[in-house]
Each structure stands twice: as structure tokens, then as C-alpha cells.
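Please keep the sequence and the structure at hand while reading.

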Amino acid sequence: MAKLLKESEHPLYRKSNKMRMERAGKWITFLSVVLTAAITVAILLLVFSKGLSTFAVNNGSLKEFLTGTEWNPGKVSEIGKPIIGALPFLAGSLAVTGISAVICAPIAIGAAIFMSEISQKTGKKIMQPVIELLVGIPSVVYGFIGLSVVVPLLREVFPGSGFGIAAGTIVLSVMILPTVTSLSLDAIQSVPRSLREASLALGSTRWQMIYRVVLKTAKPGLMMAIIFGMARAFGEALAVQMVIGNAAVIPHSLFEPASTLTSILTMGMGYTVMGQVENNALWSLALILLLMSLFFTLAVRIIGKGRTVR
Amino acid sequence: MNAKRADQLATVCLYAIVGIIVTLLAGLLGFVFVKGIPQLSWQFITSPPQIFKEGGGVGPQLFNSFYLLVLTLLISVPVAIGAGIYLAEYAKDNWLVRCIRVLIEVLSSLPSIVVGLFGFLFFVLYLGWGFSILSGALALSVFNLPLLVRVVEQSISNVPKQQREAGWALGFSKWETITTVVLPAALPGIVTGVILASGRVFGEAAALIYTAGMSTPAIDFTDWNPLSPVSPLNPFRPAETMAVHIWKINGEGIMPDASAISDGAAALLIISILGFNLASRFIGRLMFKKLSAG
Amino acid sequence: MQSMVLHPAVMKTKSMRVSEGSGFAASSALQTKELSVFYGEHQAVNQVSISFRKQSVTALIGPSGCGKSTFLRALNRMNDDIDQCRAEGEIYYEGIELHSERVNLHEVRKQIGMVFQRPVPFAKSIFKNVASGPMRHGVKKQSELEEIVEDSLKKAALWDEVKDQLNTSALRLSGGQQQRLCIARALAMQPSVLLLDEPASALDPVSTAKIEELITQLKADYTIVIVTHNMQQAARISDETAYFYMGRVVEHGQTGQIFTNPLHEQTAHYINGRIG
């Protein structure tokens, strides 16, 4: 076969299909990345266009949407605008998210401190698997347990049906606890050993060292952990919907039925017709949900940047 | 209060927190298993649900959960491997790549209900696939993709640079080096991550209620022709999963034994997810061992 | 397509004839002309012109950061894959300038093999480690692959140690065995030049001795360029030595002459500093 080759055909000049495969591979993988990004863009565009049409097409009032307390998108008010007061849902979402973050943060950070500073052995042997198992429990199961344990318990102790913000908060705090714990642990563990030793060498007790050095240095990371948890709580739909009672009003206490953006979305989407005001109004709620999730992502990025610069 | 007392008090508090968390997990699992495991029987796992009377099972739901998971992995794993390879091996640090990274991060932080609504609008209504396994699997893929991309990118980046150079030095193209040297070395990490992500997909419900639907038509488990309307494999039939079933019967279940059924279903769900957890550890370790000692 | 099925050995006899026709010094396998390498703004190699004799061992010595490793990696264009890194000047292999657009980069690396400082076996079986090169370059037949693997492992003096465990993972071998496996892997490509980047620096003395013995055996068939920090090693195994300093070749000549009677004072300082 060698005879068939021309004199100038040195092996170095040989054309192989390697370059072709290289280009093909690079393109295919690039397209996979683009596809993933394009899906995100598609979701953003769809939710934005759907969510804004309440205001653009159905002539809804943004002020009414954000501050009104009556939700009845099928009807129009005296001035001819759909009744889309979403404040009860917004307030509900913010309340469950905020309170569960307040409950969850000290426990999660405490657990992270324990795992990193007090007993690394117990931390690794017991807490790590416990946290991993808790992460794995699906949110409907959290909701189901909330429904069969938390709600009856609250009904016994407090006046009312047991459904409400309190029940939602308890379920969500437990649900986001493992996520916030493991992210807090990452933040605390990234504090350099030398800082700890320096503090102890100066005669601090262990708690003083943790409080003044570790927590202070890890603060941005801990904030990121908490915001991550809040983002999850804000976006959680089914677990909250199962225990919050789903009443479209601003409750007078934590133990009265209320609603969140996600719960009303879950309940309502199936009972409305695409393109009508009732449906568009729901998409506006979805848009709020999306904007909040973007806000949380942005907040994490900004804090994260501050951390890496330092 | 002096510093020493504060230190002791803080330590006691931290131990208490650990106690609370461990009790919490024990309580959760205990509750689900104590109430749920007595419900589990072969009949419960295999027979279809009853709407008005007792004695229904979760057979179709269990099948749907696994079928949807398999389809989701078939769709999302190849895309995630491609995207992960690009980000780890080819991507330069320019504005386009930064932009794409931000978008993937945004996707991973979207609430699953938003992903579900997107699936509802796009797959169910716009493409006209209705509440179907296909719509559900695609919605779950969207939900699963960003996490998998991160898993793949990280596993690939963990392969030492020298392995790549060794491949290049043999005259392999970059692509050949990735597929024959880097990817096999990254495989244990990828497989572990995929199985862990499977647990998350398996328990997901919010992305499914408006895509795969909340009902299961009568299906005939002897008919395995995917084109037949009563076949369990038919991708265009609605398919309620275990997780969705638990949610649904707790909201609107009218069978008399609704709570017993959700106890059983919850136990089954948790057992499956524990299975995924254990499998990911076991298989990851096994593969690593095989690579390094086999 | 025809070229795809050719056995590399056939290709080599072919290529020899080409080089004779090109009027290129037949005794030199590889030659650089004013080769410079830049990392961004920093110039790591500065206009190096040097020629490597066929079937001989040339040692590149010099202090850390003198550019000898970068220069070595430029010879099979390994630096092409590093961002910010670019080469200027010419490299001639059998009369062909390697930077020429018509030259197939992957063929270059096939003809000019490379072994690194730390052993980098792939996480595969011993057999697959050696066979993967030829497989990727078009050798499909199992019998042929087996022949190449046995032949390469024998040349790398590893065959007797591993012939009964070809299907076990290469990661189970000792460091020294792994490095010889990497040499076998490079030999399986049927190269004519071998570039060794401090191949024994991560190994124990016994393994180092084995590698050195191997190098002296291999020079009968291959042109070898070795970067080393170890002066005794350079003196023991090389025929020629080039002393690098600040990206330039200060002195290049017979190893005996460089070590006993260097022309440049600087070379003497370096060698004595290390030996003394």
C-alpha cells in the first residue's frame, strides 16, 4: 500500500479525522450548554410575557396588585379594572419565609459550629448522615407530616383550625434546615485554622474564639446560606399549600388560614382558562415568584463576590 | 457572667441543638415508618388505587415514578454531560460563557413550581402533548439539568490536568482525550451525583402536577407496546407519581382509607430515596475501587 | 483513507526516504531555529537554535525556571494547548517545519513521544494504557494490538513484571513501574523521538536506576531528549548536553566535554555548584 503514496505524503501531512471529530465534539457540547441556557431564557421570557399581560392586556393596576387585599380576578371593580389584590399572598409568602429563616438560622449555624468546632468526629459520623438524610426527604413528605402532626398539634394548643402561617413556618424551617446547615458548615470550615489558633493563643475561651473570630469571618458565607434557605422556602409550593389553609385573606394571627404565592398558584392554575384574566393574574403571581428568586440569586452573588475579593 | 461560664453555656446549647436535629430526623423517619410500613404489602405495591372504597394500592404510581425517572435521566444526563464537558474543558472566560453560567445558576434556583408552570404552558398546551409522561419527563429534565451540569463539570474538573496532557502527548485530540481519558476517570463522581439527583427527581411533585398530571388512566401491565393507549409505556398518557399521589389524596382524597394510603405511600417514597442514597455511596465506592484496583 | 490503515512501522521507512530527499542533515532528527516561547508577556525561551542527533541522548540542564522544560514541551507542540502560550521560530523534523499549517498536530505528537515528570497512567488496565494510543490511531485488530503491547512493554523493560496481570488497573503498579508503563505507552506509538521531562525525579533510587538503564538501551532506536536536574544522571546517560540559562542555550556539546572542560565559565559554575 505504501507504493500508492506520493513522495510528498510524509506522515506528518496526513489528514486524520481527529480535527473533524474535535470540531464536532466541541460543537455538540457547546450546543448542550446553549440548550440549557436557552431553556432558562425561554422560561424567563414566557413568565414575563404572561405575567405582564395582566397589566398590559387586561388593564390591571400594578398598585392594586401589590397593595390590594381583595383577590377576585374574574370580576371588575367600579373603575373597570380586574380585582387583583395580591397583598395577602405576598404577605403570606414573606411571612413564612422570614419567620422560618429566623427559626432555622440559629439552629443551622449552631449545628454547623458543632460539626466544625466542637466535635468533628460526632459531626462526621452522626450529623453528616443525618443532614444528608434530611436533605433527601421530599417536600410532599414534609407537607404530609405537617398535615398529620403539626396541624393537629397546633389545633390542640391554639384556637383555630391549626392551618396557617405558624404551621407553614414550622414545616418550612425543618425543610430548609439541612440545606442551611451544610452551607453554613462550608462557610465556617473555610475560616483559616491560623485565625482560630491565634485567638486561642491570646487566651480566648473556645466560645469567644467562635463568636469573635469564626462567626465574624464566616459572616458573608453564613448570610449566603440563610439566603439560599430563604429562596427555597419562598419557592416551596406543595408542602406549604398542604398546611397553610389557603384562604385569600391577610390573617389576624399566625394560627388562622392564609395563603402564599405558591399555594394560590398550585390551587388555581388548574381551574382557570389560558388567556383569560383569571389565568393571567396567576401568571403575574408566578412572575413575582420568579423575580424574588432572581433577587435571591443576585443577593447571593453580590455577597459571594464581596467574600472572594476580601 | 464570666467568659468561662459563657463558654460552658454555649457548649451545652450546641449539644442541645444537635440533640434536637437528631431527634427531628428520628421523629420524622419514625413517624413515616411506624405508620407506613404496616401498610406495605405486595397487594398495596402492585394494585391500582380505589377512588371511593378502601383497599386501593399505588401500583401504577410506583411504576410512573420510576418510568418518569428513567425518561428524565435519558434526556437530562446526555445534555448535562455535554454541557459539563464544555464548561469544564472548552469554555474560555469571556462574556458569553459568564452569561451562560449565570443563566444556569438562575435555572437551578428557580422554584420547581415555576418549572412546572413553564412545562404546562410549553409542553402541555403549546406543543399540545397534554398531561403526559413526556411533558412530565421534560419538565423534570429542566428541573434536573442545572444540578447535573454542576455535578458533571465538577467531576471533570477534579481529574488532574496531567491526565489530559498525557492524552495529548499520545497525539489524541482534545476531544479524544476527554472521551477516552478524562470522562472515564470522572465517571465515579458523575454516577454518584446522578444517583443522588435521582432521589431528588423521584420525590419531586410540584413540577409534575401540571405536566404529568394528577391522574392515571386504566393501564394494562401486560401490554408493553408503547403506542397502545393502555400500555404503561405510552408516553402520551397522564401519569401521577407517588409524590403527586401523596399530595393529591391529602388534599382531595375521598377514599375512606386515604390517610393509611398516604402513610404507606410516604414510607415507600422514603424507602426508595434511602435506596438511592445508599446506592450512590455503594456504586460510587465500587466504581472507584474498580478503577484503582480492578 | 489508505494512509489510515498503514502500520506505523511502514510509515517510518517511508518517511526516512523523504528526509533524504530534502537535503536535510541526515544525522539530525530534530532541529530548532531561533525558537522562542512566550507565556503572555513573559518570554520563557529565547531564540534557541539547537540540533538533536539521531540515536543519541541529549540532556537539557540548567537552573529551575531556565526554560528547558518549556523548550522541551515546545518540541512536540504541547504548549499549543495552553492559553496565553505561543511559540515563534522554527522546528524541523525530518525536514518538515512543524508549525506549518499543513502539518497534522496529532501526527507530530505521535512521531515525537513524551513522558512526564510524574507518572500519569490512565485509570485503565495495563493493557489498555499501552494499547489506547495505537487504537486511537487506527490499529483495530486485537492480535496486532497485543503484539504492539507486548513489544512496547518489553522495550520498556516492564513485560516480565506485568505479563500475568495485563488486565489489572495500572494504578496498582508502583511509581517506578508506572513510569516505565508511561514510557511503554509512548513507545507503542512507534515514535522516532522521545522527549523525557525529568522522568525519574519523582522516583526512588532503584527505580531511577532502572529508568536510566532503559534510556541507554532505547537510544539504539530512538532520539532521546531528556530534561534533568540531576547532574550525575546527565553525565551518566547522555551523549550531548545543552546548558540552558534564562531561556537561552549557553553551551551545547559532547557531555564529556561539557562536564570536564566547559567553554563558558557560567556552565562550569552551574555544574560545579551542583556536583561539588
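In chain B, residues 24 or more positions apart account for 74% of the contacts that have a separation of 6 or more; contact means heavy atoms within 4.5 Å. This is a predicted model, in which local features need pLDDT of at least 70 and side-chain atom pairs count only at pLDDT 80 or more, while totals for chains, interfaces and linings use all residues. Residues are numbered from 1 along each chain as its sequence is written, chains are lettered from A and ligands numbered from 1 in the order in which they are written, and side-chain values use heavy atoms, with hydrogens and water left out.

**Chain B**

Chain B has 10 helices and zero strands. Helices (H or I, at least four residues) and strands (E, at least two) are DSSP runs, numbered from the N terminus. Read from that end, the elements of chain B run α-α-α-α-α-α-α-α-α-α. The C-alpha trace of chain B spans about 70 × 70 × 45 Å along its principal axes. The place of a charge is taken as NZ of Lys, CZ of Arg, CG of Asp or CD of Glu.

B:Phe66 is located in helix H3 (residues 59-90) of chain B. Is B:Phe66 buried, partly exposed or exposed? B:Phe66 is partly exposed, with a relative accessible area of 37%. Here buried means under 20% relative accessible area, exposed over 50%, and partly exposed in between (1.4 Å probe, protein chains only). Apart from neighbours within four places in sequence, B:Phe66 is in contact with B:Phe202 and B:Phe276. B:Arg164 is 98 residues from B:Phe66 along the chain, and the C-alpha atoms of the two are separated by 37 Å.

**Chain A**

Chain A has 11 helices and two strands. From the N terminus on, the order is α-α-β-β-α-α-α-α-α-α-α-α-α. The radius of gyration of chain A is 27 Å, well over the 19 Å that the globule rule gives for 310 residues, so chain A is more spread out than a compact globule. That radius is taken over C-alpha atoms, and the globule rule is 2.2 Å times the number of residues to the power 0.38. Along the principal axes, the C-alpha trace of chain A spans about 95 × 65 × 35 Å. Chain A carries 27 positive and 14 negative side chains, and the centres of the two sets lie 12 Å apart. Among contacts in chain A between residues at least 6 apart in sequence, 68% join residues at least 24 apart.

**Burial and surface by chain**

Accessible areas come from the Shrake-Rupley method with a 1.4 Å probe; for residues, only the protein chains shown count as cover.

| Chain | Buried residues | Accessible surface | Carbon and sulfur share |
|---|---|---|---|
| Chain A | 53% of 310 residues | about 14000 Å² | 67% |
| Chain B | 55% of 294 residues | about 12100 Å² | 69% |
| Chain C | 58% of 276 residues | about 11800 Å² | 47% |

Chain C has 12 helices and 10 strands. Of the contacts in chain C between residues at least 6 apart in sequence, 69% join residues at least 24 apart.

Four strands of chain C form an open sheet in the order E2-E1-E4-E5, with antiparallel pairing. The edge strands are E2 (42-53) and E5 (96-97) of chain C, each of which pairs on one side only. Two strands pair if DSSP finds at least two bridges between them. Strands of a sheet pair through backbone hydrogen bonds, either parallel or antiparallel.

Strand E1 (residues 28-39) of chain C pairs with E2(C) in the antiparallel sense over eight bridges. Across this pairing, C:Gln31 has C:Ser51 of E2(C) as its bridge partner, and C:Phe38 has C:Gln43. The hairpin of E1(C) and E2(C) has two residues between the strands, and C:Gly40 takes a positive phi near 60° there. E1(C) is also joined by eight bridges to strand E4 (residues 85-93) of chain C, and the two run antiparallel. In E4(C), C:Ala87 stands opposite C:Val37.

Definitions and conventions:
Lys and Arg count as positive and Asp and Glu as negative; His and the chain ends are not counted.
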